[in-house]
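Trainee: I am new to this structure and would like to learn how to read it. Could we go through it feature by feature?

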Amino acid sequence: MAVEVKIGIVDSPRELAVQTALSSDEAYAAVRAVLAGDSASLELTDDKGSRVLVPAARIAYVEVGAAEARKVGFGS
């Protein structure tokens, strides 16, 4: 299951979207720890293995989506 994390960056018109293999609770806990001052940057690894590093001071907002299984097929 993949969780989508959307990060708004200060002074940037676009948001950063990362699909991660973390659970929704794990992603939320990582974001809370960074925003509480435990770390200078938020580091996430997407589901393809790429790493994203965002300085905590530049984070405007973070949206952690719910875990969803990918749908396969054409029917609804």
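Mentor: Gladly! Let us start with Lys48, which is exposed, with a relative accessible area of 76%. Here buried means under 20% relative accessible area, exposed over 50%, and partly exposed in between, using a 1.4 Å probe and protein chains only.

Trainee: Where is Lys48 found?

Mentor: Lys48 is in the loop between β3 (41-45) and β4 (51-55). Helices (H or I, at least four residues) and strands (E, at least two) are DSSP runs, numbered from the N terminus. A word on the source: this is a predicted model, where local features need pLDDT of at least 70 and side-chain atom pairs count only at pLDDT 80 or more, while totals for chains, interfaces and linings use all residues. Residues are numbered from 1 along each chain as its sequence is written, and side-chain values use heavy atoms, with hydrogens and water left out.

Trainee: How do I read a sheet, and in which order do the strands stand here?

Mentor: Strands of a sheet pair through backbone hydrogen bonds, either parallel or antiparallel. In this model, three strands form an open sheet in the order β2-β1-β5, with antiparallel pairing. Two strands count as a pair if DSSP finds at least two bridges between them.

Trainee: Which strands stand at the edges?

Mentor: Those are β2 (15-20) and β5 (59-64); each has a single partner strand, so one side of each is left without a neighbour in the sheet. Strand β1 (residues 3-9) is joined to β5 by five bridges, and Ile7 stands opposite Val62 in β5. Helix α1 (residues 24-35) packs on the sheet and touches β1 and β5; contact means heavy atoms within 4.5 Å.

Trainee: Which residues of α1 are buried?

Mentor: First the general idea: an α-helix has 3.6 residues a turn, so residues three or four places apart point the same way. In α1, the buried residues are Ala27, Val31 and Val34. They cover an arc of only 65° around the axis, which puts them on the same side of α1; the arc is that of the directions from the helix axis to the C-beta atoms. Their cover includes β1, β3 and β5, whereas the face turned away from the buried side carries the exposed residues Asp25 and Arg32.

Trainee: Which residue has a positive phi although it is not a glycine?

Mentor: That is Asp11, with a phi of about 60°. Asp11 lies in the loop between β1 and β2 and counts as exposed, at 73% relative accessibility.

How values were computed: Axes are lines fitted to C-alpha atoms, for helices over the stretch in contact, and angles run from 0 to 180 degrees between N-to-C directions.
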